[in-house]
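Hi,

Here is the structure I promised to pass on.

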Amino acid sequence: MSSATEGATAGFLVWRLSMKWRVAVDRAVAPLGLTHAQYALMASLHGMSRSGLQPSQRRLADHTGLEPLYVSKLARALETAGLVARTRDPNDPRAMQLSLTEQGRDVTRRAIKVVQGLLDQLLEPLGGQDSARTRQFTRELTTLLDAPLNPHTENDEEQS
């Protein structure tokens, strides 16, 4: 453990790890013309489309954990770049469905390979992507992600 993280809280360590990951992915996918957020959207869209889905912007926001307004902004930028197609949902004219263009699929496949290399590096200290420690770590992260968080604070109670 480095001296910078000695005695750190779990919240601080989660934040540091997420920042380390975000910066690494940003740098890795920049040569492909993407940001980390764009990569997250495109890789998620790629996975969902491989499962036969053509998700709405809202469903993709729910899947990625990004704000719907931010997904809309990212999707418009990716559409302008020729990587994503946005079409009206025939069942809900207010909703936009997203799909990768051919160029988008190519860029996404290349980006996934780059990010998988980063993931290999990140998980090496746990024994690699297929190790028992990594599987346990993944289960623990899933438990934390599934736990509801209420942004309600003590200050809110005092003001009531």
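Gln57, Arg58, Ala61 and Thr64 of H3 meet Pro68, Val71, Ser72 and Ala75 of H4, where contact means heavy atoms within 4.5 Å.

A word on the basis: this is a predicted model, with local features needing pLDDT of at least 70 and side-chain atom pairs pLDDT 80 or more, while totals for chains, interfaces and linings use all residues. Residues are numbered from 1 along each chain as its sequence is written, and side-chain values use heavy atoms, without hydrogens and water.

Next, the largest nonpolar core has 25 residues (buried Ala, Val, Leu, Ile, Met, Phe, Trp, Tyr and Cys joined through side-chain atoms within 4.5 Å; buried is under 20% relative accessible area, exposed over 50%, partly exposed in between, with a 1.4 Å probe and protein chains only). Val29, Leu34, Tyr39, Leu41, Met42 and Leu78 touch the most other members. H2 gives the most to this core, seven residues. Leaving out residues up to four places away in sequence, Leu78 touches Leu34, Gln38, Leu41, Met42, Leu83 and Val84.

Finally, Gln97 sits in strand S2 and is buried, at 14% relative accessible area. Beyond four places in sequence, its contacts include Gln54, Pro55 and Ser56.

Best wishes

Notes
Helix = DSSP H or I, 4+ residues; strand = E, 2+ residues; numbered from the N terminus.
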